[in-house]
Amino acid sequence: MEEIYSGLISLFPRRSKSSIPEGCSEFVFNPAKWPRVRMEEEFQKLARMFNAMRSVVRVPSLDPKYRIAVLASKQDHCLVDLLHGWQDGKLPVEIICVISNHERGPNTHVARFLERHAIPYHSLETIKADKREAEILDLVKDTDFLVLARYMQVLSADFLKSYGKDVINIHHGLLPSFKGGNPSKQAFEAGVKLIGATSHFVTEELDGGPIIEQMVERVSHRDNLQSFILKSENLEKQCLAKAIKSYCELRVLPYEENRTVVF
């Protein structure tokens with residue numbers, strides 16, 4: 001494994017033996033016997049011993065939550081689901097802002113929610129010649145990672161290099177067969193029997209980054225276009241939320257060039 005996350009084992013509460021993945025070790029954190037500062041030092045020593053490319057040590061009850069920015073375009077379903085998941089305490093993150101390339105009116109559900117919770121909303125309309133990436137970089141400079149909640153703009157290699165942290169994306173599982181506008185309608189009319197969603201890390205290769213989570217669901221002749229789209233959007237919401245949760249819990253281990261272990 002090319003990348004070792006030496007702080008991984010510090011995160012999890014005690015679970016039954018049968019639920020521990022094969023090849024993993026699990027420890028119970030006792031701050032009285034193992035102070036947080038000492039833990040950090042000892043994991044760093046372990047990281048150096050094994051030449052780890054990256055070492056992450058987190059204790060959720062003591063450490064600040066991950067700070068994220070959410071980027072979204074016109075479709076709201078993933079964004080709204082993340083906002084409500086955050087509100088309900090289901091996602092261990094702090095949303096510092098929402099950025100969109102589409103304006104949302106003050107009376108929309110998203111705008112009212114963000115205002116009520118004092119989450120800044122930045123509308124940055126993009127054109128082909130200007131993706132507003134410099135402005136986005138300035139807005140997200142204090143984040144730990146980014147989430148693309150159906151953000152329909154391609155982030156450039158320069159942006160990814162300048163940001164230098166992980167970016168998590170979600171897209172429907174109808175690619176590459178059904179591209180362009182309204183892929184759900186295309187897939188419905190083609191009579192597909194299986195739909196899905198994929199959440200992955202963003203790299204320079206379009207939709208080609210390491211996969212974090214995938215979900216599928218069967219559809220049939222009993223579905224109309226509305227139920228077909230609803231099932232597809234529900235998969236996207238669930239898949240993205242699970243990917244974020246797994247990432248925050250340090251359950252996602254990138255290795256080799258384009259693969260992950262998720263447990």
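Start with the aromatic rings: this predicted model has eight aromatic pairs.

**Stop 1: W34 and F43.** Select both side chains. A pair of aromatic rings is described by the distance of the centres and the angle of the planes. Here the ring centres of W34 and F43 lie 5.8 Å apart. Their planes meet at 35°, so this pair is tilted.

**Stop 2: Y66 and F145.** Select these two next. They form an edge-to-face aromatic pair. The centres are 5.7 Å apart, with 75° between the planes. Colour the strands. Y66 sits in strand β1 (residues 66-72), and F145 sits in strand β4 (residues 145-148). The pair therefore ties together parts that are 79 residues apart in sequence. Are Y66 and F145 buried or exposed? Both are buried.

**Stop 3: two helices.** Show helix α2 (residues 77-87) and helix α7 (residues 225-248). Their axes come within 9 Å and cross at roughly 45°. That angle makes α2 oblique to α7. The crossing is right-handed.

Which residues of α2 and α7 make the contact? On α2, select H77, C78, D81 and L82. On α7, select E233, E236, K237, L240, A241 and I244. Colour them by class. You will find five nonpolar, one polar and four charged residues in the contact of α2 with α7.

Note on methods:
Residues are numbered from 1 along each chain as its sequence is written. This is a predicted model: local features need pLDDT of at least 70, side-chain atom pairs count only at pLDDT 80 or more; totals for chains, interfaces and linings use all residues. Side-chain values use heavy atoms; hydrogens and water are left out. Axes are lines fitted to C-alpha atoms, for helices over the stretch in contact, and angles run from 0 to 180 degrees between N-to-C directions. Helices (H or I, at least four residues) and strands (E, at least two) are DSSP runs, numbered from the N terminus. Angles under 35 degrees count as roughly parallel, over 145 as roughly antiparallel, 65 to 115 as roughly perpendicular and the rest as oblique. A crossing is left-handed if the near helix is turned anticlockwise from the far one by less than a right angle, and right-handed if clockwise. Contact means heavy atoms within 4.5 Å. Ala, Val, Leu, Ile, Met, Phe, Trp, Tyr, Cys and Pro count as nonpolar, Asp, Glu, Lys and Arg as charged, and the others, Gly among them, as polar. Rings of Phe, Tyr and Trp (its six-membered ring) pair if their centres lie within 6.5 Å; planes under 30 degrees apart count as stacked, over 60 as edge-to-face and the rest as tilted. Buried means under 20% relative accessible area, exposed over 50%, partly exposed in between (1.4 Å probe, protein chains only).
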